[in-house]
Amino acid sequence: MSTIQAIVMAILQGATELFPVSSLGHAVILPAVLRWQLDQNAPGFLPFLVLLHLGTAAALLAYFWRDWWRLALGVLGLADADQTAASRRAFGLIVVATIPAVILGFALEKFFRSLFGSPLTAAAFLALNGFLLLFGERIRSRGHRPLSTLTVMDALVIGCWQCAALIPGISRSGATIVGGLTRGVDHEGSAHFSFLIATPIILGATVVEVPKLLHASVGPGVFALAAFAAVLSGITAWLSTWFLMRYFRSHDEWALNPFGYYCIVVGLAVVGYLVLA
């Protein structure tokens with residue numbers, strides 16, 4: 001992987017992990033469209049991906065540090081009684097929302113890995129992701145429920161929506177935001193909860209891959225390039241989160257529509273290109 005390719009992949013990861021347009025789908029499609037000869041089985045590719053995801057997770061932790069600090073104080077019983085109860089309840093909801101994707105991901109890991117290498121499949125599902133976002137806007141429960149009113153059932157439903165993102169081309173943030181909208185939470189609140197539950201998912205997936213790194217023999221300079229890309233990915237992810245939280249707050253009536261149209265156009269265009277090329 002060249003330095004230019006690493007920079008492009010880092011920016012792509014940092015932006016599309018948070019934007020509802022599927023980071024995994026773009027990571028599969030872009031090399032195929034640009035005819036990059038990337039060997040995903042090369043010893044250096046896994047460390048590169050792991051560090052990119054660490055950069056994204058670090059950005060989310062940095063942006064929402066106040067939320068995680070309050071949660072930590074409450075869970076450890078270091079806050080007052082009201083905050084402790086609220087924090088433990090919020091932490092429990094995050095755990096509940098995370099469980100479905102963890103179970104399904106482990107159960108069907110080989111199946112989802114087989115989809116990862118197919119740009120045509122990823123492009124088709126990217127288009128489907130666009131229709132999902134548009135559909136989500138139309139079936140949403142018009143309301144402005146604060147996150148503090150979420151129930152265990154709400155968290156479980158959102159977590160089930162998150163499972164769709166195990167397929168390359170379906171956006172994790174998009175699916176969970178749609179899940180939040182169906183439970184009466186507005187775009188900003190749905191995005192906030194989506195980004196909170198993204199952190200354990202990304203960190204968990206990274207931890208699973210870490211043991212493999214201990215047995216990987218990579219060439220000189222690979223970790224240095226991956227570390228640079230991770231920092232770039234983290235900066236991009238932080239800026240993406242900053243933008244999206246303000247965007248969703250200001251465009252609550254139709255916020256997902258532009259992303260939906262983008263996914264449909266790009267997905268179908270890539271399908272056509274790959275079929276005819």
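Me: What makes the contact of R145 with D154 a salt bridge?
Reply: A salt bridge is a side-chain nitrogen of Lys or Arg within 4 Å of a carboxyl oxygen of Asp or Glu. R145 and D154 have their closest N and O atoms 2.7 Å apart, so the pair falls within the 4 Å limit. This is a predicted model, in which local features need pLDDT of at least 70 and side-chain atom pairs count only at pLDDT 80 or more, while totals for chains, interfaces and linings use all residues. Residues are numbered from 1 along each chain as its sequence is written, and side-chain values use heavy atoms, with hydrogens and water left out.

Me: Why is D154 called buried?
Reply: Buried means under 20% relative accessible area, exposed means over 50%, and partly exposed lies in between (1.4 Å probe, protein chains only). D154 has 3% relative accessibility, so D154 counts as buried. R145 stands at 26% and therefore counts as partly exposed.

Me: What makes R140 and D252 a link between distant parts of the chain?
Reply: Their side chains meet in a salt bridge at 3.3 Å, N to O. R140 is in the loop between helix 7 (119–139) and helix 8 (152–162), D252 is in the loop between helix 11 and helix 12 (257–276), and the two are 112 residues apart. Helices here are DSSP runs of H or I with at least four residues, numbered from the N terminus. R140 counts as buried because its relative accessibility is 7%, and D252 counts as buried because its value is 13%. E137 joins R140 and D252 in a network of salt bridges.

Me: How do you know that R70 and D67 pair, and are they buried or partly exposed?
Reply: Their side chains meet at 3.9 Å, N to O, in a salt bridge. Both lie in helix 4, three residues apart, about one turn of the helix. R70 has 39% relative accessibility and so counts as partly exposed, whereas D67, at 17%, counts as buried.

Me: Why does W238 count as partly exposed, and which patch holds W238?
Reply: W238 has 33% relative accessibility, so W238 counts as partly exposed. W238 is found in helix 11 (residues 222–250). With V231, I235, L239, W242 and F243, W238 forms a nonpolar patch on the surface, with about 580 Å² of accessible area together. Patches take residues with over 30% relative accessible area and no salt bridge, joining like charges within 9 Å and nonpolar side chains (Val, Leu, Ile, Met, Phe, Trp, Tyr) within 5 Å. Accessible areas come from the Shrake-Rupley method with a 1.4 Å probe; for residues, only the protein chains shown count as cover.
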